[in-house]
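Please look over the chain shown below.

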Amino acid sequence: MKIDWAALGSVFGVSLVATVALVGLFTLGIAGLSHRERAAERGESAALAVTGAYAAFAACVAAVAYGIYLIVA
């Protein structure tokens, strides 16, 4: 059995970058919704934060859907 270490390293690197990016996007979404809660307590508007949060969550859903598409196809 011969292991292609370059391919294995490449898969590891791409997986690591994709995981960090997905977790970062999800964290931005949570932070945006958290900002909405704080703004509501002060009686302010946080429309931009909420829009950014929903965009981050949509990007997360798109990335997961694309990953499922790659696995199924």
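In which helix is Ala-58 found? Ala-58 is found in helix H2, which spans residues 47-72. The model is predicted.

**Overall form**

The protein chain has two helices and zero strands. Helix H1 covers residues 5-42. Helix H2 covers residues 47-72. The C-alpha atoms fill a box of roughly 65 × 25 × 15 Å along the principal axes. The radius of gyration of the protein chain is 18 Å, whereas a compact globule of 73 residues would have one near 11 Å.

**Burial and surface**

How much of the protein chain counts as buried? The share is 14% of the 73 residues. The protein chain exposes about 5700 Å². Carbon and sulfur atoms supply 74% of that area.

Trp-5 sits in helix H1. Trp-5 counts as exposed because its relative accessibility is 60%, and the cut-off for exposed is over 50%.

**Charges**

The protein chain carries 4 positive and 4 negative charges. Their mean positions are 4 Å apart. How many salt bridges does the count give? The count comes to two salt bridges. Both are listed here.

| Salt bridge | N to O distance |
|---|---|
| Glu-37 and Arg-36 | 3.7 Å |
| Glu-44 and Arg-42 | 3.8 Å |

Take the pair Glu-37 and Arg-36, whose side chains meet in a salt bridge. Glu-37 has 46% relative accessibility, so Glu-37 counts as partly exposed. Arg-36 has 34% relative accessibility and therefore counts as partly exposed.

Now the pair Glu-44 and Arg-42, whose side chains also meet in a salt bridge. Arg-42 is exposed, because its relative accessible area is 51%. The cut-off for exposed is over 50%.

**Positions in helix H1**

Leu-16 lies in helix H1. Why does Leu-16 count as partly exposed? Its relative accessibility is 47%, and partly exposed residues fall between the buried limit of under 20% and the exposed limit of over 50%. Leu-16 and Val-64 are 48 residues apart along the chain. Their C-alpha atoms are separated by 15 Å.

**Positions in helix H2**

Ala-56 has its place in helix H2. Is Ala-56 buried or exposed? Ala-56 counts as buried, because its relative accessibility is 7% and buried means under 20%. Ala-56 and Val-20 are 36 residues apart in sequence. In space they are 14 Å apart, C-alpha to C-alpha.

Ala-58 is found in helix H2 too. Its relative accessible area is 45%, so Ala-58 is partly exposed. Ala-58 and Leu-70 are 12 residues apart along the chain.

**In brief**

The predicted model has two helices and zero strands. Its radius of gyration is 18 Å, and 14% of its residues count as buried. Among the positions covered, Ala-56 is buried, Ala-58 is partly exposed and Trp-5 is exposed.

How values were computed. Residues numbered from 1 in each chain as written. Predicted model: local features only at pLDDT ≥ 70, side-chain atom pairs only at ≥ 80, totals over all residues. Heavy atoms only, no water. Helix = DSSP H or I, 4+ residues; strand = E, 2+ residues; numbered from the N terminus. Buried < 20%, exposed > 50% of the residue type's maximum accessible area, 1.4 Å probe, protein only. Rg over C-alpha atoms; globule rule 2.2 N^0.38 Å. Areas by Shrake-Rupley, 256 points an atom, 1.4 Å probe, with all protein chains shown as cover. Lys, Arg positive; Asp, Glu negative; His and termini not counted. Charge placed at Lys NZ, Arg CZ, Asp CG, Glu CD. Salt bridge = Lys/Arg side-chain N within 4 Å of Asp/Glu carboxyl O.
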